[in-house]
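Please keep the sequence and the 3D view open.

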Amino acid sequence: MLEGRSQEGPALRAALVEAVDGWLERLLGDAGPGVALVATGAYGRREPAPSSDLDLMLLHAGDREEEIGPLAERLWRPIWDAGMRLDHSVRTVEEAVNVAAGDLKTALGLLDARYVAGDTELVAALRERALERWRAGARERLEQLREACRRRAERHGELAYLLEPDLKEARGGLRDGHAVRAISATWVAAGLDRRGQAAYGLLLDTRQALHLELLARDGAQAGRARVATDRLSLQEQDAVAARMGQPGAEPLMRAVHEAGRTLARALDQSWRRVDARYAGPAVRRWRRPVRRQLGAEVVAYDGEVLLAAGADLAADPWLALEVAAAAASAGMPLAAPTVRRLEARPLELAARWPARARESLVALIGAGPSSVGVIEALDQAGVMAALLPEWERVRCKPQRNPFHRWTVDRHLVETSVQAAALVRRVRRPDLLLLAALLHDIGKGWPGDHSATGARLAAEIGGRLGLPAGDRAVLSELVRHHLLLVDTATRRDLDDPATVRAIAEAVGDPGTLALLHALTEADARATGPTAWTPWKARLVDDLVARVTERIEGRPAPPPGRGTPDVHE
């Protein structure tokens, strides 16, 4: 998906850089030795979007200070007059590296410093000094960078799963690509691989198309104001897709979400190499990594879980699930070599799963929050689609609904996380967890996703080796996963027909308890407005009434305390 992006984006950026470089070179003119114009930021990387700031530094040797002020004014004035947003500075090499020493943003900008015009040797000296200082202070600088990445992710969320992501600031966005590049400049880790570069390029193209669309629609000044956050809103997605030659918003957003996953994973891998590099001999001696056996072919070592060297995935493909379940249960990530092994060998699975494979899947999705990263690693390696072919249809699938904060696949995983906290409320935790993982699987097909999902859940249950009775319960849970909340919030609970209809649909208290827990897990995983105290009380009241009817207890009098709908 990522490899097939259009070449129009890179060509337009190259033309834009060439045109601006030529214009700035003419503005600087023959300034003589000891003066140069330097591009930083997106312009320095040759990656400007149509409404990007122009980041420029007038660099000088310090021996012609009386001339620099007028020269700077002569440079900046035409840029402002052209309506361009300018981030500018005037510094010597020594001043630039000293400012960078106390400011992370400046230090990162100098890593992208690029010659535009003037004294080439002066710019070369700046780049050499900036890289030298960056590498000398790498340990402290990288911790500052990690903290900046963490704060940014908290503010902007994960690009891979958001309905309206910020293409630059969200976790997995363009700034994470910059962070990988900054880490690689220390020689601690490699930069983006081919797949990472393709993901980064797709986000650049998408951002460029967004800027062009806003500029064309609203005019230059309004457009520049609106694109400041690089947020790809719902209302812009179809138009941006059309500009990029995509058939619609959904294919575009699936590609964008996949790119976000790729860049987030690349940054995580870079941080792991940073941690390994700076543990240091003394720390390593203090920690003394312990090799702990978690299973016949599964080992925990130095905070990660991996397959034993002799594990044969060709002979036993179910080891992929066992190592994943062990990692999630231990709260550890899958080791990168194990993920590479899984990716390199496509799994060849039997038509019917053995019991241990089903138990491993349940253990994986029942591990709670620690399962998310492990399932993401499996997904990146192609294992999720191999285990559940239906997964491919919901993978990275956007939900163009403001109530949903996640893509369909991530929503399924998040629902499993929420369900894992509710397993003590039901007699069959395994069915609750499987229903959580599959309840929206039908969204990959046309038509009523609940009805389609019920059919798919029954088929998947058969492959998992569930007995007929369990398959029927799983299917009904998926079919009715919206029943309780829709009924509780839209129907009169004092009407006996309402309670009777739910009782007939559900059938028994055990299934009702499973459906109650699934309803809560689904809502909590949807978004902050999907499960409020008011909705929870309405659903609780409905479940109590239906339980009384199923068990044959007398119906309560009307109006026994149903919460006011305006609460």
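Predicted model: local features only at pLDDT ≥ 70, side-chain atom pairs only at ≥ 80, totals over all residues.

Residues are numbered from 1 along each chain as its sequence is written, and side-chain values use heavy atoms, with hydrogens and water left out.

Q: How many cavities of 30 Å³ or more are there?
A: A cavity is a set of points on a 1 Å grid over the protein atoms alone where a 1.4 Å probe fits but cannot get out. Points are joined across faces, edges and corners, and a volume is the space filled by probe spheres set on them. By this rule the count is two.

Q: Which element gives the most residues to the lining of the largest cavity?
A: The largest cavity holds about 80 Å³. Its lining residues (an atom within 4 Å of a point) include Y161, R261, W391 and D409. Two elements give two or more residues, α17 (370-380) and α20 (408-420); helices are DSSP runs of H or I with at least four residues, numbered from the N terminus. With four residues, the top contributor is α17.

Q: How many charged residues line the second largest cavity?
A: This cavity has a volume of about 30 Å³. Its lining is A42, R45, E47, K168, L174, H178, L204 and R207. Asp, Glu, Lys and Arg count as charged; Ala, Val, Leu, Ile, Met, Phe, Trp, Tyr, Cys and Pro as nonpolar; the others, Gly among them, as polar. Three are nonpolar and one is polar, and the charged number four.

Q: Why is strand β2 largely enclosed by the rest of the structure?
A: Strands are DSSP runs of E with at least two residues. L54, L56, L58 and H60 point one way from β2, and D55, M57 and L59 the other way. Buried means under 20% relative accessible area (1.4 Å probe, protein chains only). β2 (residues 54-60) is largely enclosed because its buried residues number seven of seven.

Q: Which residue of β3 stands opposite L59?
A: Strands pair if DSSP finds at least two bridges between them. β1 (residues 35-39) pairs with β2 in the antiparallel sense over five bridges, and there A36 has L59 as its bridge partner. β2 and β3 (residues 86-91) run parallel, joined by six bridges. In β3, the residue opposite L59 is R91.

Notes
1 Å grid on protein atoms, 1.4 Å probe; cavity = no way out; pocket = protein on both sides within 12 Å on 5 of 7 lines; lining within 4 Å. Buried < 20%, exposed > 50% of the residue type's maximum accessible area, 1.4 Å probe, protein only.
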